[in-house]
Amino acid sequence: MPLIYSVIMHKIFFLLVFYPLSLFSEVNLTTVDNFNIFSTSEHDLVVSKQGHKDHINFLAFRMERPFCICSNPVISLNADKEIQEGLKINGTITVDMTKPMEIVLKVLQVFESGHLLLRPLKFPSIRSSKVVEVDIDLGTSELFYTKGIDEAMDQSKSMCESQYLYEYVEPKAKEMNV
């Protein structure tokens with residue numbers, strides 16, 4: 001029995017030593033604080049939180065290699081009015097029930113469902129927040145319970161700093177050794 005165990009351990013050790021760069025894992029998980037972390041490419045993660053009123057709404061940000069910094073926050077909200085991509089919409093963001101901050105959001109994408117993907121151009125920090133409320137001048141608002149955002153940021157950063165690819169990518173012809 002110990003000889004079989006030793007052979008198996010040597011094989012596992014060999015795999016871990018000689019193939020660490022070829023390992024990958026598609027990321028799609030939900031933290032205990034109900035943040036979703038998922039991969040969109042081999043080097044890009046998105047961390048998102050569903051809305052409280054409408055679970056299709058979300059608040060999200062990216063974690064990209066090589067710098068592993070939480071960046072590019074976006075907000076998805078439902079809008080009953082026709083809006084064109086590229087327009088700027090006024091609104092407010094309230095963090096932890098403090099004074100609302102007036103903001104401008106750029107419409108990045110309009111979905112057939114009526115949802116808008118918005119990028120806030122200037123916004124208060126949501127780091128360490130517990131509750132974020134977003135109101136836009138189109139009569140839409142959403143509440144995001146963000147307690148645990150620091151932990152979600154740390155978890156996505158540790159994934160980003162790992163050497164594992166998030167998704168498998170086929171090598172291109174000029175990258176292959178022929």
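Reader: What is a nonpolar core?

Author: A nonpolar core is a set of buried Ala, Val, Leu, Ile, Met, Phe, Trp, Tyr and Cys residues joined through side-chain atoms within 4.5 Å. Buried means under 20% relative accessible area, exposed over 50%, and partly exposed in between, with a 1.4 Å probe and protein chains only. This is a predicted model, in which local features need pLDDT of at least 70, side-chain atom pairs count only at pLDDT 80 or more, and totals for chains, interfaces and linings use all residues. Residues are numbered from 1 along each chain as its sequence is written, and side-chain values use heavy atoms, with hydrogens and water left out.

Reader: Which residues touch the most other members of the largest nonpolar core?

Author: They are Ile-75, Ile-89, Leu-116, Leu-118, Val-134 and Ile-136, in a core of 33 residues. Two or more residues each come from strands E3 (44-50), E4 (58-64), E5 (69-78), E6 (88-95), E7 (101-110), E8 (115-120) and E9 (131-136), and from helix H2 (149-161). Helices (H or I, at least four residues) and strands (E, at least two) are DSSP runs, numbered from the N terminus.

Reader: Which element gives the largest share of this core?

Author: H2 does, with five residues.

Reader: And what does Val-134 touch?

Author: Leaving out residues up to four places away in sequence, Val-134 touches Ile-75, Leu-77, Thr-92, Ile-93, Thr-140, Ser-141, Glu-142 and Phe-144. Contact here means heavy atoms within 4.5 Å.

Reader: How many helices and strands are in the chain?

Author: The chain has two helices and ten strands. Read from the N terminus, the order is α-β-β-β-β-β-β-β-β-β-β-α.

Reader: What order do the strands have in the sheet?

Author: The ten strands form an open sheet in the order E1-E2-E3-E4-E5-E8-E7-E6-E9-E10, with antiparallel pairing. Two strands pair if DSSP finds at least two bridges between them.

Reader: Which strands stand at the edges?

Author: Strand E1 (28-30) and strand E10 (140-145) do; each has a single partner strand, so one side of each is left without a neighbour in the sheet. On average, neighbouring strands of this sheet are turned by 30° against each other, direction ignored.

Reader: Where does H2 pack?

Author: H2 packs on the sheet and touches E1, strand E2 (36-41), E3, E4 and E5. The direction of H2 makes about 30° with that of E4. Axes are lines fitted to C-alpha atoms, for helices over the stretch in contact, and angles run from 0 to 180 degrees between N-to-C directions.

Reader: How many bridges join E6 to E9?

Author: Five bridges join these antiparallel strands.

Reader: Changing topic, which cysteines form a disulfide?

Author: Cys-68 and Cys-160 do, with their sulfur atoms 2.1 Å apart. A disulfide is counted as a pair of cysteine sulfur atoms within 2.5 Å, and the count comes to one. The link is left-handed, with -85° about the S-S bond.

Reader: Which parts does the pair tie together?

Author: Cys-68 lies in the loop between E4 and E5 and Cys-160 in helix H2, so the pair ties together parts that are 92 residues apart in sequence. Both Cys-68 and Cys-160 are buried.
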